[in-house]
Amino acid sequence: PLSAASARAAPAARAEPAAPARAGREGRGWGRSKLDVLVGEMSVLLEGVGEEQLRELVYFLSNEAGLSNQRVMGLAIAHPSFFQHSLEQDIRPQVDYLREIGVPSSKVGSVLVGFPGIVKHPVERCEETIAFLEGLGMPLHSIGKCVGQHPQLLGLGAQSKLQPTVEFLTNECRVPREKVGGLIASFPTLLAYSIETTLKPRLEYILGDLKVPKHKLAGLILKFPQLLGLAVETNMQPTVAYMVEELGVQEEEISKIVQQHPQLLGLSVERNLKPKVSFLLDDIGVPRERLSKIIASFPTLLSLSTESNLRPKLEYLTNEGGFSREDLMKAPNLLAYSLNQRIRPRVEFVRANGIEMALHSILCLSNAAFADRFDGFETPAASS
């Protein structure tokens with residue numbers, strides 16, 4: 001039996017291509033005059049490309065691939081050879097192929113910009129890559145989304161690049177093979193990393209310096225696969241040094257923090273961590289001597305946006321909710337709860353029913369426990 005990949009028709013066996021996109025096709029709402037101006041500007045850059053050939057290709061890229069004039073011009077500047085290819089023989093068939101393998105229509109243009117070499121990349125090589133990913137249990141629509149996010153994926157050799165990376169993930173990182181497909185779907189860029197210069201050094205740092213136990217490694221990577229792409233010297237080390245040297249977190253606590261919330265290692269000390277620490281110290285009033293313990297226990301607090309997440313919760317609780325900053329100072333971890341899904345509904349319920357409760361008691365109960373304790377309370381439906 002044919003595999004799903006081999007059963008797909010090669011370009012030569014497909015139906016006759018549609019007529020070239022012409023000036024009357026609007027697509028992104030471009031008028032003929034606007035496109036003609038772009039064609040004129042590009043003809044100066046692309047010597048040797050016939051005006052009619054260039055016109056049809058620009059119309060195609062704008063109307064059918066959905067590229068803006070800036071991106072079309074950027075493609076011409078960065079990859080002028082792209083425009084030497086035939087629209088009908090090289091480019092349109094590959095665009096049809098991208099749609100066939102499930103690349104979202106909104107991402108087709110981005111694939112051409114991100115991997116312009118696809119116009120001369122043999123479909124058989126693409127099919128080998130698709131078949132390999134399908135062999136990991138990835139459905140075609142998921143593969144298409146991955147290609148839309150990381151177009152160079154189609155240029156990676158199945159045996160020369162993908163197979164060794166998957167073996168590294170299963171053997172060295174201990175990720176179960178049946179979960180590799182989902183891992184790639186969540187972070188397809190992972191397949192493009194060099195094993196020797198990227199993956200191995202990160203893994204050595206995680207196991208050695210961060211002291212993450214090997215049996216915890218798979219769960220850590222499945223939770224935050226971007227961890228294997230973070231630079232040791234410019235991402236992970238500065239974050240760890242800041243927590244230990246400036247916040248007073250004990251070195252033995254770092255491993256627990258990383259296991260609980262590995263996303264913390266991807267945050268900038270200056271842009272992300274310091275503003276959150278200042279908020280906890282200055283706005284909430286957390287004593288500095290308690291800060292390290294709070295961070296070790298609730299590291300997710302440092303990942304929440306100050307202005308769009310933490311501050312609105314503080315303002316609601318201290319204004320409408322009627323609580324004091326001292327209430328939050330005792331348990332700042334309560335700010336990790338959702339404002340609309342937990343904090344506001346419960347505070348409004350107890351206030352409306354004249355129930356006197358400490359803030360911690362209101363929020364710490366699970367939804368089921370809170371509903372069982374108080375008749376008439378309905379857990380809010382999940383929302384965006």
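Start by selecting lysine 211: leaving aside neighbours within four places in sequence, this residue is in contact (heavy atoms within 4.5 Å) with Ile206 and Ser255. Lysine 211 sits in the loop between H11 and helix H12 (214-223); helices here are DSSP runs of H or I with at least four residues, numbered from the N terminus. With a relative accessible area of 59%, lysine 211 is exposed. The cut-offs are under 20% relative accessible area for buried, over 50% for exposed and in between for partly exposed, using a 1.4 Å probe and protein chains only.

Before moving on, note that this is a predicted model, where local features need pLDDT of at least 70 and side-chain atom pairs count only at pLDDT 80 or more, while totals for chains, interfaces and linings use all residues. Residues are numbered from 1 along each chain as its sequence is written, and side-chain values use heavy atoms, with hydrogens and water left out.

Leucine 335 is in the loop between helix H18 (325-330) and helix H19 (339-352). Show its contacts beyond four places in sequence and you'll find, among them, Phe279, Ile284, Leu301, Asn309, Lys313, Leu317 and Leu328.

Next, the largest pocket. Select Asp209, Val240, Val244, Glu251 and Ile254, which lie nearest its centre among the 13 lining residues. A pocket is an open set of points on a 1 Å grid over the protein atoms alone, where a 1.4 Å probe fits, with protein on both sides within 12 Å along at least five of seven lines; lining residues have an atom within 4 Å of a point. Its volume is about 290 Å³, taken as the space filled by probe spheres set on the points, which are joined across faces, edges and corners. The lining has six nonpolar, two polar and five charged residues; Ala, Val, Leu, Ile, Met, Phe, Trp, Tyr, Cys and Pro count as nonpolar, Asp, Glu, Lys and Arg as charged, and the others, Gly among them, as polar.

Which helix gives the largest share of that lining? H13 does, with five residues. The buried residues of H13 are Val232, Met236, Thr239, Val240, Tyr242 and Met243, and they pack against helix H11 (195-208), H14, helix H15 (269-284) and helix H16 (288-297). Just after H13, glycine 248 has a positive phi of about 80°.

Along with Leu61 and Phe83, methionine 42 has the most contacts inside the largest nonpolar core, which has 125 residues. H15 gives the largest share of this core, seven residues. A nonpolar core is a set of buried Ala, Val, Leu, Ile, Met, Phe, Trp, Tyr and Cys residues joined through side-chain atoms within 4.5 Å. Beyond four places in sequence, methionine 42 touches Leu54, Val58, Val72, Met73, Ala76 and Phe83.

Methods:
Helices (H or I, at least four residues) and strands (E, at least two) are DSSP runs, numbered from the N terminus.
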